[in-house]
Amino acid sequence: MLDDSLLADLSADLPSAVRLQRLVRTLREGFRCGAVCLLRLQEGMLVPVAVEGLVREALGRRFDVARHPRLATILTSRRATRFPPDSTLPDPYDGLVEQQPGEPLHVHDCMGISLHVEGEPWGVLTLDALVAGTFDESSQTSLERFALLVEAAVRVSRMEQEVRALRMAPHGTVTHAKSGDGGEILGHSTELQRLLRELDVVADSDLPVLLSGETGVGKELFAWRLHQRSPRRKRPLVQVNCAALPETLAESELFGHVKGAFSGASADRAGRFEAAEGGSLFLDEVGELPLTIQAKLLRALQNGEVQRLGEDTPRRVDVRIIAATNRQLADGVRDGHFRADLYHRLSVYPVLIPPLRERGSDVLVLAGHFLEINRARLGVRSLRLSSAAEAALLAYHWPGNIRELEHVISRAAIKALGHGARRDDIVTLQPEWLDLSHGQPLNATPGKASRAETVDEVEQPLRHQVEFAQRQAIRSALAACNGSWAKAARRLAVDPSNLHKLARRLGIK
């Protein structure tokens, strides 16, 4: 019966993510265990691709194989590996298996198998249970048989991804960026996935792109993705923090100088434009550039030429411009702080990166990523969120976005140890350790909205405003009900199944 279900999913015309998610769900039901996780091996890290039975934030975890002996043991064998209930090796999923509210339990039964695609290690499949004796020798044998179907599903998903990449890549060539090169964009919300698809399309052009968004949304990661998905991916991406450029040195930094151009110029020096030749130039916080530099930047964009300070002859440059700002540049143009002609040159293709509060349950995925980083940094066996802490994160407004979330998790982990938590136990972060009271919760009424926020709200389509209000109402109800969906449904006077469907559509689940 289990074989039939897996084969049906393998042959069905499904999106890759849906196919793999249905696969782990079927395996969990077939083995009657607590959780199943499919993880891909990437540069020494095992990255969850599909999970069933683990808390939502597990998707953001990145498991360093060198720090997780059970995962390392599974990877080194082509046969299924089963760990006895009394194994002294720490389990990476302790405290992460979904269960009834209460004290988190240690995983008591665990087995897994390595997966290979085209003869190369691809990742692992793990099964975990909270009840000792769930797995036996027959379970191992069954897992080895089903692993062949899992590998086939992975191959199908990989082929589909390569076909999509070939359609997008110029001249039929495909290159893959290493995950550690520029960081990773985490999240599964509808808003984020729509944005990533849009970026993949515009990446193939040479159009200048203006990334706008609040402080802390990770604009540099989106710039890196644009570069890595572009035909210029084999050439450099040069980043310039415009806010950190002193006005007296900005021209030299951007365009270079020759020896003797000014006091201290002891040798010729190329600027950032020349350093990015053939590649991309990322102008971060471009709204901070002085007006005098804006004029020279405009000339470089218009003519494709730069002139080193102290030199008479201009130099041709071939550079794609990606700019980013947390300001409303249109307001800067109106107020005379930013040149209108430069604004139009930079914003040929404007992209608005959504704030964290509009990305639904992505906040839990990102929290999981930071939890794993702090678990390893502090030497804690397991670091997790309580259900009340999850609800608090979902209800918070996040004015500092992802950067603020990172700091909140780091502080909370240290506070937990300061309150007597032991490093060799499952450390569960409570909402009071998150220290979110100083900020504005998502369901609060702001005392005074900024002009930019007011304009954004008015200019949004009605559908977007309705969806935003629905997200606020659901998150507020969840926070008030300590994360209980059933209680939240009663509080909102809607059918529980309809609430779950709406939450999935809004990207909250």
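This is a predicted model: local features need pLDDT of at least 70, side-chain atom pairs count only at pLDDT 80 or more; totals for chains, interfaces and linings use all residues.

Two strands are said to pair if DSSP finds at least two bridges between them. Helices (H or I, at least four residues) and strands (E, at least two) are DSSP runs, numbered from the N terminus. Residues are numbered from 1 along each chain as its sequence is written, and side-chain values use heavy atoms, with hydrogens and water left out.

The protein contains 20 helices and 17 strands. Six strands make up an open sheet, with antiparallel pairing and the order β3-β2-β1-β6-β5-β4. At its edges stand β3 (63-64) and β4 (81-83), each with a single partner strand, so one side of each is left without a neighbour in the sheet.

Let us consider β1, residues 35-42. Its antiparallel pairing with β6, residues 120-129, rests on six bridges, while seven bridges join β1 to β2, also antiparallel. Which residues are the bridge partners of R40? In β6 the partner is G123, and in β2 the partner is V47.

β1 and β2 form a hairpin with two residues between them, and E43 in that turn has a positive phi of about 50°. On to β3: two bridges pair this strand with β2 in the antiparallel sense, and here L46 stands opposite F63.

Next, the covering of the sheet. Helix α2 (residues 16-31) lies across β1, β2 (45-52), β5 (109-117) and β6, and runs at about 70° to β2. Axes are lines fitted to C-alpha atoms, for helices over the stretch in contact (heavy atoms within 4.5 Å), and angles run from 0 to 180 degrees between N-to-C directions. Six of the eight residues of β2 are buried, where buried means under 20% relative accessible area, exposed over 50%, and partly exposed in between (1.4 Å probe, protein chains only).

Finally, the whole protein. Of its 509 residues, 48% count as buried. Of the contacts with a separation of 6 or more, 71% come from residues 24 or more positions apart. There are zero disulfides, a disulfide being a pair of cysteine sulfur atoms within 2.5 Å. Among the cysteines, C37 counts as buried because its relative accessibility is 1%, and C242 does so at 2%.
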